[in-house]
Amino acid sequence: MCRLVLNHADKFVEDPSGSSAGSGVSSSLGLAWASLGTETSGSILSPSQQNNLVGIKPTVGLTSRFLVIPISEHQDTIGPMARTVKDAAYLLQAIAGRDSRDNYTSAIPHPKNMPDYVAACQFEGLKGARIGIPSNVINLYVNTTQYAPVLSAFNSMVNVIKKAGGVVVDAPFTGLAEYRASGNSSIVLGADFRSGKSCLDQLVKPAANMTSDLEDYLGRLRTNPNKIHNLTQLRDWTESHPQEQWSPTARDVRIWNNSLALGFGNDDIRFWNAYQANLYLGGNATLLGAIQRNNLDAVILPTSFAAGFAAIVGSPVVTVPMGAYPANTTVRTNAFNVTTAGPNIPFGFAFLGDRFTEAKLISMAYALEQRTHIRDQVQPYTQPTIELADVVKRR
């Protein structure tokens with residue numbers, strides 16, 4: 001839904017959200033049956049909710065990242081974006097599994113007997129499920145005008161879950177304050193992006209041809225006409241190439257410069273300490289701890305609040321459409337003058353789970369989708385008039 005939305009006499013351009021914005025727009029408008037996104041922290045979930053889609057952010061290691069341009073080998077994951085849960089499940093079924101070129105996929109349990117994600121789409125998928133709401137996360141936003149419509153829609157979805165037989169319990173994140181104060185994610189991402197070998201690879205021998213970071217990726221290119229082999233060279237080329245039209249205030253190299261300024265890669269003890277802190281902060285302190293302590297099948301949150309908790313421990317999330325901002329919403333824009341909140345802009349509902357529990361999350365998400373059909377209720381300003389079925393011959 002990268003579209004113009006009418007706001008009285010004015011028009012504004014919605015942010016389709018990054019970094020998988022193209023995937024979100026193409027799936028939403030029917031330019032593709034479904035698409036793939038790459039998530040480090042939010043880049044499947046955010047464009048999925050902004051484009052009124054279902055998005056599945058898989059466990060890190062469920063899908064291969066071979067030849068994906070990387071940010072972080074510890075957080076990057078590839079997942080589907082589609083208009084329905086079942087469509088997303090079909091695509092996940094096709095891409096999930098072990099790959100000798102990505103040693104993280106060796107962690108998949110029972111690889112010869114992969115879950116049937118399509119069969120997991122069950123109307124009764126919420127019946128008897130134990131689902132937790134981290135009330136202290138919700139309370140951070142409960143008094144904000146911006147999130148009032150989001151929390152109202154969230155509460156309505158919770159009521160649907162209860163009526164469908166789900167058992168909803170309070171499951172606070174006991175280390176939420178530590179998580180919010182932490183700067184370890186920036187260290188992990190910055191060190192992973194610039195580095196050549198990780199501490200984890202020193203413990204677990206990487207498979208041949210594993211593309212684990214930017215330098216390794218660039219080193220595996222069959223042709224490299226500009227002879228770019230590392231992040232410094234990539235930054236310098238971007239700043240000097242006329243077609244980039246780079247300026248000192250450009251956003252496109254700011255994160256790269258932060259990574260270079262860090263001064264060390266993921267073979268440094270400072271990286272390892274930050275990574276271990278992340279495993280605690282996303283583990284016992286927040287998401288995984290809440291799941292384990294309360295014997296939960298999933299944690300639920302508005303999608304806007306969900307990405308970081310799962311990202312730092314590599315856990316899966318499924319987002320489904322939840323609603324849209326009402327007509328009287330004040331338009332809010334970001335630094336690049338694109339609208340992040342305004343009339344008719346969608347938002348999502350997220351199921352977060354333990355590692356490799358995608359089938360369980362898909363089952364619950366499908367059951368909720370089939371009882372609400374929110375996507376059909378949120379009408380974009382621009383709508384597709386041709387579907388793939390109109391141009392592709394059925395076999």
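What follows is a conversation about the model and the terms used for it.

Visitor: What kind of model is this, and how are residues numbered?

Guide: This is a predicted model, where local features need pLDDT of at least 70, side-chain atom pairs count only at pLDDT 80 or more, and totals for chains, interfaces and linings use all residues. Residues are numbered from 1 along each chain as its sequence is written, and side-chain values use heavy atoms, with hydrogens and water left out.

Visitor: What is the average pLDDT of the protein?

Guide: pLDDT is the predictor's confidence in each residue, from 0 to 100. The protein averages 88. At least 70 is reached by 90% of the residues.

Visitor: Where does pLDDT stay under 50?

Guide: Residues 1–10 stay under 50. The model has 39 contacts for them beyond four places in sequence. Contact means heavy atoms within 4.5 Å. Residues 198–211 are also below 50, with 41 contacts beyond near neighbours in sequence.

Visitor: How many helices and strands are there?

Guide: The protein has 16 helices and twelve strands. Both are DSSP runs, numbered from the N terminus: helices are H or I with at least four residues, strands are E with at least two.

Visitor: Why is L287 called buried?

Guide: Buried means under 20% relative accessible area, exposed over 50%, and partly exposed in between, using a 1.4 Å probe and protein chains only. L287 has 0%, so L287 is buried. Of the 395 residues of the protein, 52% count as buried.

Visitor: What does L287 touch?

Guide: L287 lies in helix α13, residues 287–293. Leaving aside neighbours within four places in sequence, its contacts are F173, G282, V299, F309, A310, S315, L352 and G353. The C-alpha atoms of L287 and G175 are 9.6 Å apart, though 112 residues separate them along the chain.

Visitor: What makes a nonpolar core?

Guide: A nonpolar core is a set of buried Ala, Val, Leu, Ile, Met, Phe, Trp, Tyr and Cys residues joined through side-chain atoms within 4.5 Å. The largest one has 72 residues. L287 is one of those that touch the most other members, along with L126, I300, F349, F351, L352 and I362. A second, separate core has ten residues, including Y217, L218, L234 and V253.

Visitor: How do you know that the buried residues of α3 line one face?

Guide: Helix α3 spans residues 85–95, and its buried residues are V85, A88, A89, L91 and L92. Seen down the axis of α3, they fall within an arc of 165°, so they line one face of the helix. The arc is that of the directions from the helix axis to the C-beta atoms. These residues pack against β3, β4, β5, β9 and α15. After α3 comes G97, with a positive phi near 140°.

Visitor: Why is the pair of Y141 and Y147 called edge-to-face?

Guide: Rings of Phe, Tyr and Trp (its six-membered ring) pair if their centres lie within 6.5 Å; planes under 30 degrees apart count as stacked, over 60 as edge-to-face and the rest as tilted. The structure holds ten aromatic pairs. The centres of Y141 and Y147 are 5.1 Å apart and their planes stand at 75°, so this pair is edge-to-face. Y141 is partly exposed at 24%, whereas Y147 is buried at 17%. Y141, Y147 and F305 form one aromatic cluster.

Visitor: What makes the pair of W272 and Y275 tilted?

Guide: Their centres are 6.0 Å apart and their planes at 50°, so the pair is tilted. Both lie in helix α12, residues 269–282, three residues apart, about one turn of the helix. W272 is partly exposed at 23%, and Y275 is buried at 12%.

Visitor: Where does the charged end of R332 sit?

Guide: The charged end of R332 sits over the ring of Y325, 5.9 Å from its centre. A charge sits over a ring if NZ of Lys or CZ of Arg is within 6 Å of the ring centre and within 35 degrees of the ring normal. R65 lies over the face of Y104, at 4.6 Å from the ring centre.

Visitor: Why is Q245 called exposed?

Guide: Q245 has 71% relative accessibility, so Q245 counts as exposed. Q245 lies in the loop between α10 and α11. Its phi is positive, near 50°, in a residue other than glycine.
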